[in-house]
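The sequence and structure come first, and the notes follow.

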Amino acid sequence: MTDSPKRATPNTGATIYDIAKLAGVNPSTVSRALTTPGRISARTEAKIKAAAAELNYRVNPFARALPTGRTKLIAVTIADITNPVFFDVVRGAEQVAGANGYTLVLAESQESSARESATLERILPMVDGVVMITTRISDEEIQAINDSKPVVLVNRHVQDVVDVVPDIDPGIRQAVEHLAALGHKHIAFLSGPTTSWMSAARWKSLMAAALAAGLTVVEIGPNAPTLLTGRESLDRIRAAGVTAVVTYNDLMAIGLLRQAQEAGISVPAQLSIIGFDNSFGSDFTTPPLTTIGQPLSELGALALSQLISILDEVVVTGEVGESTPESPASIAGAETLNTQLIVRGSTGAAAR
């Protein structure tokens with residue numbers, strides 16, 4: 001009497017040999033059916049998948065990586081998991097990853113470059129590539145990582161590294177023109193961390209727009225990009241004598257708005273506040289936050305599309321960084337990666 005294949009338990013785990021025995025095919029046929037569907041007959045493939053399901057078989061990405069060099073895992077690094085700006089960015093990335101058979105590994109740096117470096121050192125051997133969102137590490141370290149595993153940056157430029165960065169000038173220009181039309185003459189920028197490339201870029205754009213509109217502008221910072229920092233900035237903003245503030249992100253704007261109200265300062269009658277990102281919850285405040293929106297979901301989706309294009313190119317050439325694939329802009333619509341002002345209730349006529 002022939003022994004039937006042993007049903008796998010969570011502790012033992014099935015192999016392709018178990019599946020082959022149950023399905024009555026060769027192990028190589030099982031491998032083709034599970035890794036490259038469509039290479040065998042539909043009937044045989046269905047029988048193999050039914051056997052795999054019966055045995056509770058799960059593909060081991062690390063075992064699969066031995067012959068292919070690919071784990072189908074992609075690391076996504078973010079600065080602060082509590083910041084709602086990342087919700088839509090990660091969701092957009094996940095949708096593209098899932099559609100292409102990849103799984104995301106999310107890593108948080110807590111705004112620490114040292115923590116980010118240590119985390120990347122641990123996970124790099126396990127992933128095919130990295131998407132860095134609001135990374136805090138140096139250009140040189142990013143370039144070194146890109147030499148070993150493909151990297152795509154979101155909201156940052158680094159030489160010789162692929163990036164996805166929206167055009168911040170339209171939204172900032174609209175914000176300044178909006179404030180000027182409301183009679184504001186003196187405005188401030190509540191900047192982000194010194195390690196934020198985007199904070200410096202936003203300050204530069206805001207200065208240019210303010211000068212063009214005949215407004216004075218002062219930078220207040222650097223600051224941690226948090227609710228608490230927004231609260232703690234109120235005294236500095238009042239000392240600057242401005243009537244309107246543009247903040248590095250929505251969290252800081254919300255913190256500032258709350259502190260101003262607790263201090264008896266009316267928003268927007270006495271102080272107008274504009275955030276940045278149009279992140280989840282920015283319209284939950286009273287009054288709702290005027291903000292400079294950016295296409296968060298599209299940023300994540302485009303970043304993953306770029307990375308997958310690079311990984312596919314590596315498979316063909318065998319070299320990381322040997323060639324940079326053409327941007328998938330024509331497919332994903334990169335021309336929509338612009339910022340725009342979203343006017344709500346936190347801005348109003350300048351106080352007299």
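Helices (H or I, at least four residues) and strands (E, at least two) are DSSP runs, numbered from the N terminus. By that assignment, Val165 sits in the loop between β5 (162-164) and α8. The model is a predicted one. In it, the protein has 14 helices and 11 strands, and buried residues make up 49% of its 352 residues.

- Val165 is partly exposed, because its relative accessible area is 22% and partly exposed covers the range between under 20% (buried) and over 50% (exposed).
- Leaving aside residues up to four places away in sequence, Val165 touches Asn155, Arg156, His157, Trp197 and Met198.
- The C-alpha atoms of Val165 and Leu299 are 7.6 Å apart, although 134 residues separate the two along the chain.

**Overall figures**

- Among contacts with a separation of 6 or more, 68% are between residues 24 or more positions apart.

**The six-stranded sheet**

- An open sheet is formed by six strands in the order β7-β6-β8-β9-β10-β11, with mixed pairing.
- Its edge strands, β7 (216-220) and β11 (340-342), each pair on one side only.
- On average, neighbouring strands of this sheet are turned by 25° against each other, direction ignored.
- β6 and β8 pair in the parallel sense over four bridges; within this pairing, Ile187 has Ala244 in β8 as its bridge partner.
- β8 and β9 are also parallel, pairing over three bridges, and the bridge partner of Ala244 in β9 is Ser272.
- β9 and β10 pair in the parallel sense over four bridges, where Phe276 has Ile292 in β10 as its bridge partner.
- Helix α8 (residues 169-181) lies across β6 (186-190), β8 (244-247), β9, β10 and β11. The helix runs at about 45° to β11.

**Salt bridges**

- The structure holds five salt bridges; those described below include Glu45-Lys49, Glu111-Arg136 and Arg202-Asp277.
- Glu45 and Lys49 meet through their side chains at 3.1 Å, N to O. The two are four residues apart in helix α3 (residues 42-54), so about one helical turn separates them.
- Within that pair, Glu45 is buried at 12% relative accessible area, whereas Lys49 is partly exposed at 40%.
- Glu111 and Arg136 form a salt bridge in which the closest N and O atoms are 2.7 Å apart. This pair links distant parts of the chain, 25 residues apart: Glu111 is in the loop between β2 (103-108) and α6 (113-123), and Arg136 is in the loop between β3 (129-133) and α7 (139-148).
- Glu111 counts as partly exposed, with a relative accessibility of 26%, while Arg136 is buried, with a relative accessible area of 6%.
- The side chains of Arg202 and Asp277 meet at 3.5 Å, N to O. Because Arg202 lies in helix α9 (residues 197-213) and Asp277 in strand β9, the pair ties together parts that are 75 residues apart in sequence.
- Both Arg202 and Asp277 are buried.

**Nonpolar surface patch**

- Phe87, Phe280 and Phe284 make a nonpolar surface patch of about 360 Å².
- Phe284 is located in the loop between β9 (272-277) and β10 (290-293).
- The relative accessible area of Phe284 is 58%, so this residue is exposed; the cut-off for exposed is over 50%.

Technical notes:
Residues are numbered from 1 along each chain as its sequence is written. This is a predicted model: local features need pLDDT of at least 70, side-chain atom pairs count only at pLDDT 80 or more; totals for chains, interfaces and linings use all residues. Side-chain values use heavy atoms; hydrogens and water are left out. Patches are made of residues with over 30% relative accessible area and no salt bridge: like charges are joined within 9 Å, nonpolar side chains (Val, Leu, Ile, Met, Phe, Trp, Tyr) within 5 Å. Accessible areas come from the Shrake-Rupley method with a 1.4 Å probe; for residues, only the protein chains shown count as cover. A salt bridge is a side-chain nitrogen of Lys or Arg within 4 Å of a carboxyl oxygen of Asp or Glu. Buried means under 20% relative accessible area, exposed over 50%, partly exposed in between (1.4 Å probe, protein chains only). Two strands pair if DSSP finds at least two bridges between them. Axes are lines fitted to C-alpha atoms, for helices over the stretch in contact, and angles run from 0 to 180 degrees between N-to-C directions. Contact means heavy atoms within 4.5 Å.
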